[in-house]
Amino acid sequence: MEHRFVRLLKEALDAAQLDLLKRVAEEAETLALPIYMIGGSVRDLLLGSVIKDFDLTVEGDAITLARALAKKYGGKVTAHPKFGTAKWFLPHSLISSNERDTLDFVSTRSETYKHPGALPTVRLGTLEEDIRRRDFTINALALRLDGQRFGELIDLVGGQADLERKVIRVLHPKSFVDDPTRMYRAVRYEQRYAFQIAEETLALIPHARPLVAKLSAQRIRHELDLILQEDDAALMLRRLEELNLLSIIHPALSFDDASYARLEKLHTIREVQPLLPWNVDKQGRVNKPYLGWLLWLMPFPRETIGALNERLHFTADLYDSLMGASSIHSILSSFVDLKPSQYVERLEAVPLDALEALYFAAPNERTKDIFFKYLAEWRHVKPHITGDDLKKRNLAPGPKYALILRRLRNAWLDGQVKTEEEEAKLLETLLSG
């Protein structure tokens with residue numbers, strides 16, 4: 001009788017993925033290197049969710065296995081002996097039948113922490129040590145892949161029971177002290193799966209909360225980026241606010257009902273509209289973390305965004321967009337009965353990413369239409385007359401060029417000129433004035 005987990009694996013992966021796993025498992029058995037899927041892939045398998053990754057853990061030398069596979073099937077390997085990891089760049093014959101083009105291998109390891117919040121010191125270890133270094137019980141399940149034990153579930157910490165009970169639980173009382181970012185991951189998993197953080201795990205947060213201040217900008221921003229990547233980012237950030245895990249990052253960082261209303265849009269924004277194409281990934285999907293930051297922080301004053309940047313070290317592009325979104329959001333009440341040219345003059349210096357976020361978060365249809373028209377039409381309007389034309393009229397180069405061209409563009413925007421002949425007449429008026 002086929003093992004339950006073998007059946008789940010066959011249902012979750014397509015034929016090409018299963019074939020790739022079979023090749024890896026056979027080579028691992030030949031080398032007497034037990035190999036496992038561990039962590040999120042096993043969790044999602046048992047939950048019936050899509051398996052996005054099946055990075056592989058080897059009890060022994062992962063680099064040796066990766067190099068043996070490359071020798072047998074082709075491709076190349078990059079290895080990091082210090083960390084016991086290897087990446088196998090698949091040969092074309094295997095890439096053609098798989099969505100992936102690489103496969104990662106890591107040796108089982110143990111981790112120790114020199115002080116609270118420090119990055120771990122890693123050394124090679126046993127399977128049990130590797131399992132017990134994990135963040136939550138639901139992420140500490142292992143599925144054996146090689147030999148006669150293919151499909152065997154290794155559950156040393158009650159992860160399967162916690163999945164069934166829908167509970168997020170740490171493996172030991174010092175878990176959040178060792179790594180305070182785990183508090184943010186606990187909330188992310190809790191809200192993603194509609195689980196609950198176990199009471200004894202919740203009780204550990206107050207003691208560990210002050211240690212967030214010791215985290216680097218990169219580590220804490222990475223956790224927030226991961227949250228903003230989720231459809232349910234609004235729920236996650238609201239929960240972090242309830243647990244006082246935002247203000248501990250910076251006193252000005254908060255999340256209220258208005259923030260929730262803006263961020264909830266991430267749940268429905270699946271694809272960028274055709275007229276807003278600049279902030280997408282290779283699959284044409286919205287860059288949710290980037291857009292999420294803008295939706296979240298646009299009402300914050302520029303001074304506050306500057307202070308948050310000191311703590312979180314935003315990328316230069318995101319920082320510029322946040323400042324631009326803040327500037328426009330603060331004057332939205334003045335966006336009433338203006339001419340198109342007046343809107344353009346207010347918006348043209350603002351990064352397009354910021355205007356995209358303002359478009360999605362517009363408080364009413366009229367304001368939304370203003371941003372839409374700017375993004376789709378107004379920003380593309382230019383006069384037919386150019387600087388070269390002005391030079392041919394013996395007009396000396398200088399600031400006057402920009403003033404004239406801006407005046408001509410504004411006339412087109414506001415409907416004062418509708419033909420090239422009318423534009424030429426307006427130019428004569430401006431030159432004679």
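Modeller: Buried means under 20% relative accessible area, exposed over 50%, and partly exposed in between, with a 1.4 Å probe and protein chains only. This is a predicted model, where local features need pLDDT of at least 70, side-chain atom pairs count only at pLDDT 80 or more, and totals for chains, interfaces and linings use all residues. Residues are numbered from 1 along each chain as its sequence is written, and side-chain values use heavy atoms, leaving out hydrogens and water.

Colleague: How many of the 10 residues of helix α19 are buried?

Modeller: Helices are DSSP runs of H or I of at least four residues, strands are runs of E of at least two, and both are numbered from the N terminus. The buried residues of α19 include Asp353, Leu358 and Phe360. Helix α19 (residues 352-361) is largely enclosed by the rest of the structure, because its buried count is nine.

Colleague: Which helices do the buried residues of α19 pack against?

Modeller: Contact means heavy atoms within 4.5 Å. On that basis, the partners of these buried residues are α14 (257-263), α15 (288-297), α17 (316-329), α18 (340-347) and α20 (365-376).

Colleague: Are α9 and α13 parallel or oblique to each other?

Modeller: Axes are lines fitted to C-alpha atoms, for helices over the stretch in contact, and angles run from 0 to 180 degrees between N-to-C directions. Helix α9 (residues 181-193) packs on α13 (residues 233-242) at about 130°, with the axes 9 Å apart. Under 35 degrees is roughly parallel, over 145 roughly antiparallel, 65 to 115 roughly perpendicular, and the rest oblique. The two helices are therefore oblique.

Colleague: Which residues does Arg239 contact, leaving aside its neighbours within four places in sequence?

Modeller: Arg239 lies in helix α13, and its 17% relative accessibility makes it count as buried. Val187 is 52 residues away in sequence, yet 7.0 Å away in space, C-alpha to C-alpha. Beyond the sequence neighbours, the contacts of Arg239 are Val187, Glu190, Gln191 and Leu202.

Colleague: Which are the edge strands of the open sheet?

Modeller: Two strands pair if DSSP finds at least two bridges between them. The seven strands follow the order β3-β4-β5-β2-β1-β8-β9, with mixed pairing. Pairing on one side only marks the edges, β3 (76-80) and β9 (153-154).
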